[in-house]
Amino acid sequence: MNGFVLFFAHILDYALVIQILAVSVSVVVVLSPVQKNVKSILFALLKIGCFFVAEVMICALLFMLATDWVFLRGNCFLIGYIFCILVYAIFFCKYQPKVRLIMASTVLAISVIVLEFAALLAKSMENAFAESVPIDWMGIVKSLMSLFALCFAFIQAKFSIGDYDSVPVSGVALTVVGSLLSATMCFAYEGFFASTMMSDNKHFVFMSMVFGCFYIIDIVSYMLIYFVCRERDAVIRLEAEKQMSEANAEMIRVSEKNLDYLRSLRHDIRNQYSYAEILLENGQYDEAKKFFRSIGNDVDVSLAYIDSGNKNIDAIINMEMSKADAYGVKTDVTVVVPPRLPLSDNALCSIISNLIDNAVEACVRFDLKEQGVAVRIYPRQDYLYIGVENTLPPDVDKEKLLSLNTMKPDSANHGYGTHIVKRLVAQYNGYVTYSVENDKFIAEAMINMMSDDVCNNPGGG
């Protein structure tokens, strides 16, 4: 208990308070984005306060335990930072797992590096200038160096990868490994070298430069993964726009084809009407009856066109039906939607076309064209339901299929479809699920038509 009291009486000085506060702000800003409104800012301040108190209490407890547990000496603050950051990342961060790993490991590495960097720099400054300038070098330098943690936190907040769904696994691995190496370096130095070099100023200068380099490396590695994610997202967006352009072009082609058919049909009807009129005028009633029967048997009105009353949905569905027909895949489509939907045309096109494309490709790959693809689109309360299913062969590897990895030979240039669907559905506060039931692969997307994106962009393209 004496160690606990000692911590608050002598160890918890203004410099340590500033350091812990800087880490608290960094963690909340990076792992829980703050919106530009009063409610979000007040909630963020509350979380910063709670994190600060938790961090102080954990460090005090570890400092008390360090009197008996030798391995904690010199590392109790580092362990305290790590523990609190990990708990916050696990329970209070809402990013997807890969993004959470990158953000948490990076802010963790930066926090412990800045802590060690500040201590080393302060010792070197103290040894060099303590006699000529008798001020609290340790406290001042540590306080100023806390700005480095805050600086990186605001860099992460501004260039957040939390907005991107397609994060490469290799980037996650490299970033996490680099961050863990940085943190391990801090532990190793405190445990084996710091106590033996208390008066060597050259050592302090050298090691402060080393940890300064670690700080820069962590920033550069994070920015690299950010630019990779941004580039992949740009490719996905371009692919979505390309699909919408293809849908519009296909709609025009189908419309022109049907218009040509109607013109031809109109010409035939005129000729047939004239011939029937001649037969009736001449009293050739038996011949007229035979003629009318032949018309009923011969006329085949096969307009490849879905008309639900919503021109955007119609354009997308007709494009997909045309593509399926080209592969010989049957389609069963049911669309019951209002004339206007409060959703982006590009988002609708990308979600529907990717889900149907995957089903058509599966029918072709497994030679199940006759079984075809079933499409259902209709509102469910505040959501738009989009369901697409296709039949599978009984012996298919269902687990591999549900992993959603592309099975195309040129996998480097494909496999974006599921990422596009997932990103766009999440943008509208919806969700997408994939399942296999009764030898059928079922993809279902629920898009929230009352989300903020919808309200800010009603019916936008």
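Okay, a definition to start: Ala, Val, Leu, Ile, Met, Phe, Trp, Tyr, Cys and Pro count as nonpolar, Asp, Glu, Lys and Arg as charged, and the others, Gly among them, as polar. Keep that in your head for a minute. Also, what you're looking at is a predicted model.

So, the pocket. How is its lining split by class? For the largest pocket, we get 18 nonpolar, 10 polar and 10 charged residues. That lining is made of 38 residues, and the volume of the largest pocket comes to about 1,300 Å³. If you want to find the centre on screen, look for Pro33, Gln35, Tyr95, Gly162 and Asp163, which lie nearest to it.

Is aspartate 367 buried or exposed? Exposed means over 50% relative accessible area, and aspartate 367 has 61%, so it counts as exposed.

Go on to the loop between β2 and β3 (383–391), and there's glutamine 381. Here's another residue other than glycine with a positive phi, this one near 55°. Relative accessibility for glutamine 381 is 81%, so this residue counts as exposed too.

Okay, that's my tour. Over to you.

Terms used. Residues are numbered from 1 along each chain as its sequence is written. This is a predicted model: local features need pLDDT of at least 70, side-chain atom pairs count only at pLDDT 80 or more; totals for chains, interfaces and linings use all residues. Side-chain values use heavy atoms; hydrogens and water are left out. On a 1 Å grid over the protein atoms alone, a cavity is a set of points where a 1.4 Å probe fits but cannot get out, and a pocket is an open set with protein on both sides within 12 Å along at least five of seven lines; lining residues have an atom within 4 Å of a point. Grid points are joined across faces, edges and corners, and a volume is the space filled by probe spheres set on the points. Buried means under 20% relative accessible area, exposed over 50%, partly exposed in between (1.4 Å probe, protein chains only). Helices (H or I, at least four residues) and strands (E, at least two) are DSSP runs, numbered from the N terminus.
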